Amino acid sequence: MVPRLARYALIVLAIVVMSVYMPFLYHKVSEKKVGKTQLFFSPVIKKFVFREMVGEGHNFVTQDESGNDYDRMTFETLIPFVYYKNMELWGKLPMTIDGRTFDKQTIKENRQVFELKPRMIADRSPRIQVFPLLESKPGVTRLRFPEDAFRMTDRMEFINVDTNTVDQGLTDKFTNAMKQAGFVFPARLTAGRVSILKPFDEGFFVVDANGCTYHVKRVRGEPVVVKTPIPSDLGIRNIKMMENKKKEIYGMLLTNKGDIHLITYDGYGLIKLPLMDYNPDTMDLKLLINPLYRTAVYSDDHTIHAVAMDSRYRPISRYQRVMFSGRTTMADTVFKALFPFWIKTTDKTSGYSRFDVIWNGRLALIGIALSLFFGITVMYARKFSIRKYWPDLAIIMFTGIYGLISVSIIEPER
């Protein structure tokens, strides 16, 4: 038995701990792992087609937007630019669509995929702001990591990774080149693809203190800095680069308003994607480019959206649906009735820890009522005075099952 004040302190602590781990364990036990819906625009039937897992095991539904069912092989023939290797294997290449003939090489050269997930956004995941600036023309068959890395402070500072010392010569060379191009330190954003597993290197896009965007590369050891015509008042939040041999698009640009633009090789022009109801903080976005169409597919845990566009990114068709994984199940209903609230400490859309209290709405009144009933029953069984220990019932009234377990286990002094 513990003193009154200490008891209630322990009860509060127990409630906080349980509101983190009990819902977590409930989801682990009840949650069925279901993959997200695969959604595409078919250049053959000019409709959206999708494939999603329903229920347990490998039970899949494969349909088009009109509800017509397809077997797997037919489904793949409806999106031949995605499964072009199977088309070749089945002897269906070259194929003719809309009066144009496509062979394997043509399809391969005109395919490209861009992806942006919430965790990829610069302000949603921690990142040490030190980057390797690769040599864009290494003179060998593959890219290599340099012996230095840079960071943007009041200058473009290069650090030798072997000795952990500032390379003053390289720092002065690149800093002067940046300033001569008009760059104003410090930088707001540094964006590039840090990998040597890419066909070539396009360096980094860097946004300066005034919002202007610069393209920075290292070519044969010398700085190449280009001030792009991207508007300084655009409000750039993130840039996701993706080098591709097609050399048509540098990557995706996300604004503070949630708009997505493509940065083109043609004078750093911008192409705004016609997305509706897109939320970059909760939705995964994928842009699929093929020889005929461009399709943007974006989804959260509930709904998947898509817009099909022509080669000039003009919308020609839209579609959205609630995914099987987003439908409310009996386990979801029981969860909301059982727990009045829960504390969320992790989020797959962010690299940061969280401490968010999530309320489960009116359904939780059922669980609270049952918890109060059991709480009163326990008090009578233990011969506790309700008038004396009414704070226990008040705790249960606001915290439901958490409070019931806490006040039952942590008994008061008699």
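Buried denotes under 20% relative accessible area, exposed over 50%, and partly exposed the range in between (1.4 Å probe, protein chains only). The structure is a predicted model, in which local features need pLDDT of at least 70 and side-chain atom pairs count only at pLDDT 80 or more, while totals for chains, interfaces and linings use all residues. Residues are numbered from 1 along each chain as its sequence is written, and side-chain values use heavy atoms, leaving out hydrogens and water.

**View A. Salt bridge between Glu 157 and Arg 155.** The two side chains meet at 2.5 Å, N to O, a salt bridge being a side-chain nitrogen of Lys or Arg within 4 Å of a carboxyl oxygen of Asp or Glu. Arg 155 counts as partly exposed because its relative accessibility is 22%, whereas Glu 157, at 7%, counts as buried.

**View B. Salt bridge between Arg 354 and Asp 347.** The N to O distance is 2.4 Å. Salt bridges with shared partners join this pair, Asp 123, Arg 124, Arg 237, Asp 281 and Asp 356 into one network. Arg 354 is partly exposed, at 29% relative accessible area; Asp 347 has 12% relative accessibility and is therefore buried.

**View C. Salt bridge between Arg 7 and Asp 392.** These side chains meet at 2.7 Å, N to O. The pair links distant parts of the chain, 385 residues apart, with Arg 7 in helix α1 and Asp 392 in helix α8 (residues 390-399); helices are DSSP runs (H or I, at least four residues), numbered from the N terminus. Both Arg 7 and Asp 392 are buried.

Methods. Helices (H or I, at least four residues) and strands (E, at least two) are DSSP runs, numbered from the N terminus.
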